Amino acid sequence: MSEPTLRPEQREFQEYARRWLAENAPPAPKFRLPLSAIEVMTVAQRDYLQDWQRRCYEAGLVGCDYPTAYGGGGHEGFQRLANLEMSRARVPFLINLVGLNMAAPTILVHGSEEQKRRFIPGALRGDEIWCQGFSEPGAGSDMANQQTSAERRGDGWVVNGHKVWTSLGHFAKWMILLARTSREHKHDGLSYFLCPIEGHAGVTVRPLVKITGESGFNEVLFEDVEIPDSLRLGSVGQGWAVAMTTLTYERGAGESAGGGGGDGAGPIARLVALARRSRRGGACAADDPITRDAIVAEAIAAEGLRQNMRRARVPALCDHPLRLPLQQKLLSTELFQRCARLGVEIAGAAGTLYKLDAAAPDAGHWPLAYLNSYGGTIAAGTNEIQRNILGERVLGLPKTK
Amino acid sequence: MSSAARDFGFGPDEELLRDQARKLLGDHLPVARLRALVAADPAAAYERGERPAWDEGLWKQLVALGWTGLAVPEARGGSAVKMVGIAGLIEEVGRHALPSPLISTLCASYALRAAGDAAAPWLERIAAGASATLATTDAAGSWEPGACEVEARPEGDGCSLVGWAHFVQDAFKADLLVVSARLGDESLLCVVPRHAVGLTLQQNHIHDLTRDQATAHFAGVRVPADAIASREGVAALESAWPAMLVTLAADLCGIGEWQLQTTAEYARTRKQFERPIGFFQAVKHPLVDGMLALDRARSLLYHAACCIDAGDPEAPVAARMAKSAASDAGAFLSDRSVQLHGGIGFTWECDVHLFFKRSLHGQALLGDGVFQRRKLADALIGPIGGARP
């Protein structure tokens, strides 16, 4: 299962990670764990997951490729392997999604030495949970239309405004915040801040309820919130460029600080198992030719996604360096959505049963996953925006805006 | 060499071969030249039933470069290029819609390569420049290696062939036919020169202007013992099948890349409502969707080719996935390439129909996307009505 092109120390690390995970996988909690970090609702869930991330960090499975000065392992090419092994071991996900995948890599690229030393270790260890403050009621797909303002006052800034769809905001110590520092320019009037959230004067976090009935994301209100200038990341007016770094990592085009969670083959095996025990038209659903075709179509899509990631690392087989990386978010979220919906379809009448019903197939996973899948296709730039970006940056089509 | 090789085993040699093909075909077969060859007169093929012309001089150059021997082992005078190298080269062939017996020769070579020692002299002839094609399909167009209606009758130390083989690709361009025939319980692969006595080719009138296709009639065609390349012909074909699927998928991917780039170029330049039409998302998004489908197919293509090179037992599944994805990407890109060109795309004078038709033909060969998925379902889910755990 290990790749032949790995360096000896990578191979050794991969074996270590596999062994450690086998020996240290945590016992299942007494409560239900959500599907991913953006659905964490209760303090019990948070504590359980935060403890798990801390143990993974201390075992050297998180932040492996970060410099040791910032709390990392100082290695190269280890994180991908740790992520792979965490997926394979089916251990819980790492809770500090925004910290690991967005805040830490952005701070590493744009932060001052002091900022890197102050913030990266806590993000990796999971002690300080991060949230993201980009979206606003009037700035969704049109992200540069930020209305939240940061005004100079003395040595610091005063923030006023309204952020939405803030996953993990209710547990966050910090937010990566995009705010308007000038009304003169649309893109060049933005600046990027590391903003304290928990217990900070003037910050109100209110839960929003999703179509699943779960909370897990929030709206965050800022009323005369004071922050020192030392928490600005990048130059004044350069916030858009810094935010683009964050989005590159959020959309999966860069190597993250730590992962876990699903691998592409998981849902296909689960769909086959579901079809084998479901009935359709009086016969086994796994014998229904149309159901079979639909499952295999997704198996091909899942394998295609895995092979895309592999081909993206072979420059001779990529005509344009961004062509495959920019497809990743779009493809993975739509694959997840189609598989979840297909599961609901295969379940047939039982597809109506939701998570509280004892007879629900897979404890109601399929309708819950399907409803939740829209988080993926809408967040981090809707998939319609992703198609614009691909059309413009890879195919050279005129910009929509 | 492993099927998990991070670069698919696509190294400098394979890149060089691909780039040489790109340069050569770019120089000698620009689309205007292709059009002049195959589509100068709309009535020629479709009304008068003439076979479209092809550039035999260019083919001789390709033969001189050793292209007929790409899949022939080195011990038989070929260059035994890895499957990933062939995939890269055939993508360029598809991108230029090259009319030639190359793909057919490769498919015949895979079968002969799998046939064992008796096929060696024929592989040597192919490496020396002979072109070949498979005659293995029945009247129903079944894409099963065992389906063929040609009968072999013992005659001396060889046999004679009686019956029909259908949907023979590039038959009028090939020097040799590799025929699947039954002899009692045995399945033979026999090699028959195209001009053999008793063999007649009936031209099929096809829509693709870059290929030819025929029904081969065998009226007692004499096959000497040394032209029986295999007495386990079905097994040889079965083991060659993944490589054939990969080759056809590569051609479809190359065609698809031409369709994508040509249609994107049109969307960047054609103006309506004072803007290039590519500004509009009804044009932009389908082009992106075509690119997504094509990239999936290309990634699966190199994965399948790499599995074949590594002798991975997953190769048959990987190859069917590649052909399924390439056929579906081909269908989608073909559809959008005509539609997004608008009125001009519907005319004979626009180039898109040349690639549309080659893709449509290629989608069907050895089974389209739905066909491959049906086979894959048997492998991945288990046969219909099979035992359930």
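Predicted model: local features only at pLDDT ≥ 70, side-chain atom pairs only at ≥ 80, totals over all residues.
Next, the contact between the chains. Here 39 residues of chain A are in contact with 40 residues of chain B. Three elements of chain A give two or more residues to the side that touches chain B: helix 7 (265–277), helix 8 (289–311) and helix 11 (383–393). Which of them gives the most? Helix 8 of chain A does, with 14 residues. By class, this side of chain A has 19 nonpolar residues, 11 charged and nine polar.

Now turn to chain B as a whole. Its secondary structure comes to 12 helices and 10 strands. Along the principal axes, the C-alpha atoms of chain B fill a box of roughly 75 × 60 × 45 Å. A compact globule with 389 residues would have a radius of gyration near 21 Å, and chain B agrees because its own value is 21 Å. Of the 389 residues of chain B, 57% count as buried. Contacts also reach across the sequence of chain B. Among those between residues at least 6 apart in sequence, 76% join residues at least 24 apart.

Chain B can also be read by domain. It is divided into domain 1 (12–127), domain 2 (132–232) and domain 3 (235–380). The C-alpha centres of domain 1 and domain 2 of chain B lie 21 Å apart. Their contact takes 24 residues from domain 1 of chain B and 21 residues from domain 2 of chain B. On the domain 1 side, the elements that give two or more residues are helix 6 (102–113) and helix 7 (120–127) of chain B. Helix 6 of chain B supplies the largest share of that side, six residues. What is the class make-up of this side of domain 1 of chain B? Its residues divide into 18 nonpolar, five polar and one charged.

Key. Residues numbered from 1 in each chain as written. Chains lettered and ligands numbered in written order. Contact = placed C-beta atoms within 7 Å. Helix = DSSP H or I, 4+ residues; strand = E, 2+ residues; numbered from the N terminus. Nonpolar A, V, L, I, M, F, W, Y, C, P; charged D, E, K, R; others polar. Domains from an automatic or database assignment. Rg over C-alpha atoms; globule rule 2.2 N^0.38 Å. Buried ≥ 20, exposed ≤ 12 C-beta atoms within 10 Å, placed from the backbone.
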